[in-house]
There are 2 protein chains.
Amino acid sequence: MNPTSSPRASGETLLFLTDEQLRQGIEAMFFAYRGFTADPDKILEEHGYGRAHHRAVHFINGAPGTTVNNLLNILGVTKQSLNRVLRTLIEDGLVESHVGQKDRRERHLFLTETGKDLEAKLTVVQQHRMRAAYRQAGPDAVSGFRRVLEAMMDPELLQAYSKLRQD
Amino acid sequence: MNPTSSPRASGETLLFLTDEQLRQGIEAMFFAYRGFTADPDKILEEHGYGRAHHRAVHFINGAPGTTVNNLLNILGVTKQSLNRVLRTLIEDGLVESHVGQKDRRERHLFLTETGKDLEAKLTVVQQHRMRAAYRQAGPDAVSGFRRVLEAMMDPELLQAYSKLRQD
DNA sequence: TTGGAATGTCAACAAGGCTGACATAAAATG
DNA sequence: CATTTTATGTCAGCCTTGTTGACATTCCAA
């Protein structure tokens with residue numbers, strides 16, 4: 001049942017994967033993603049926010065001053081959908097929107113101190129779970145995990161992801 | 001930047017993971033999950049269905065005759081939410097619901113041939129992407145990927161997942 | 001300078017979560 | 001055996017967050 005316990009041993013170029021093993025991988029992704037979002041969701045609920053707010057706050061934190069257009073490209077939603085979320089975050093004083101100086105059509109987004117506080121709380125619990133998972137899976141598992149995830153991304157998403165990493 | 005290029009080499013019991021490395025793992029999960037669902041979503045859209053329909057069809061396929069109650073425990077949604085999805089699938093002739101013979105309160109769920117056809121189409125594209133990702137990441141990566149995912153699940157979800165695997 | 005493209009906002013709608021109310025059937029209790 | 005309690009599933013209505021359409025503002029290029 002181990003994906004590498006195949007006719008060809010680990011380290012070979014070819015993998016022998018049954019449909020059943022792939023099906024298990026699919027279900028593992030589903031269940032793991034649920035666990036991955038469970039802890040932040042609890043905190044968000046206390047504040048009356050949803051996962052959409054988390055995503056916005058997360059990426060604004062990682063790229064302060066980014067524009068609405070940049071953000072919606074990364075998040076993969078429409079600007080109208082993002083706008084509703086941003087409006088509530090701005091009203092609640094977690095995000096500030098500044099008119100661009102070079103191009104006054106653009107709005108540059110920043111987290112306020114309150115916004116940074118929430119972002120930190122959300123990140124802490126998610127990092128905690130990921131650290132625990134890494135520790136439980138062992139050091140050898142971590143790089144494999146990351147390599148598979150990156151290979152599973154759409155090319156344009158991988159590009160966005162890599163860009164975020166190098167900044 | 002490699003998560004295992006830490007003061008302690010691979011194979012040790014302790015991991016040295018910076019907050020930044022964990023943050024990258026979080027974003028990798030986000031982008032990878034998007035890629036993971038992208039292909040089925042296209043097919044579903046052609047049929048006027050959403051991800052909720054995919055989940056239902058997937059798990060009914062894996063456990064034919066399962067009850068509504070079983071299904072909503074696995075999916076982690078309310079019965080009311082699941083019911084709406086099931087109703088459309090039944091109306092469209094993809095799922096059949098049979099009153100239980102032992103306990104007539106229960107409804108046992110089965111895929112029709114049409115339902116099996118759609119499930120197969122969805123699974124094929126998702127298996128295709130996962131196979132490609134495994135191949136690209138290499139054989140050593142696969143078991144690590146799976147171990148981290150399983151460690152990231154909530155315990156009760158891990159139990160549900162393991163139960164599905166052994167059946 | 002003027003027409004088109006880019007950016008962001010407002011309005012209205014759809015999918016899929018949620019709670020509440022309820023019908024039916026089984027089980028427990030008197 | 002009758003009646004209350006519990007379990008399962010369905011119907012109705014609400015909220016979040018996705019969608020498209022219409023539009024104001026600003027920039028840029030013809």
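Before I turn to the strands, let me say that two strands are taken to pair if DSSP finds at least two bridges between them, and that helices (H or I, at least four residues) and strands (E, at least two) are DSSP runs, numbered from the N terminus. What we have here is a predicted model, in which local features need pLDDT of at least 70 and side-chain atom pairs count only at pLDDT 80 or more, while totals for chains, interfaces and linings use all residues. Residues are numbered from 1 along each chain as its sequence is written, chains are lettered from A and ligands numbered from 1 in the order in which they are written, and side-chain values use heavy atoms, with hydrogens and water left out.

Let me begin with chain A. Its secondary structure comes to seven helices and three strands, and from the N terminus on the elements run α-α-β-α-α-β-β-α-α-α. Of the 167 residues of chain A, 46% count as buried, where buried means under 20% relative accessible area, exposed over 50%, and partly exposed in between, with a 1.4 Å probe and protein chains only. If we take contacts in chain A between residues at least 6 apart in sequence, 48% of them join residues at least 24 apart, a contact being heavy atoms within 4.5 Å.

Now to the strands of chain A. Strand E2 (residues 95-99) pairs with E3 of chain A in the antiparallel sense over five bridges, and within that pairing A:Val95 stands opposite A:Leu111. Strand E1 (residues 66-67) is joined by two bridges to strand E3 (residues 107-111), again antiparallel, and here A:Thr67 has A:His108 as its bridge partner.

Strand E2 (residues 95-99) of chain B pairs with E3 over five bridges, with B:Val99 opposite B:Arg107.

That brings me to the interface, where the contact takes 66 residues from chain B and 66 residues from chain A. The area buried between the two chains is about 7,100 Å², of which carbon and sulfur atoms give 68%; buried area is the accessible area (1.4 Å probe) that two parts lose on being put together, summed over both. In chain B, the residues that lose the most area to chain A are B:Ile26, B:Phe31 and B:Met152, together 10% of what that side buries.

How many salt bridges cross between chain B and chain A? The rule, which asks for a side-chain nitrogen of Lys or Arg within 4 Å of a carboxyl oxygen of Asp or Glu, finds six across this interface. B:Asp19, for instance, forms a salt bridge with A:Arg131, the closest N and O atoms being 3.7 Å apart.

As for the helices of chain B, H1 (19-47), H2 (51-62), H3 (68-75), H5 (113-137), H6 (139-152) and H7 (155-166) each supply at least two residues of the side that touches chain A, and the largest share of that side, 18 residues, comes from H1 of chain B.
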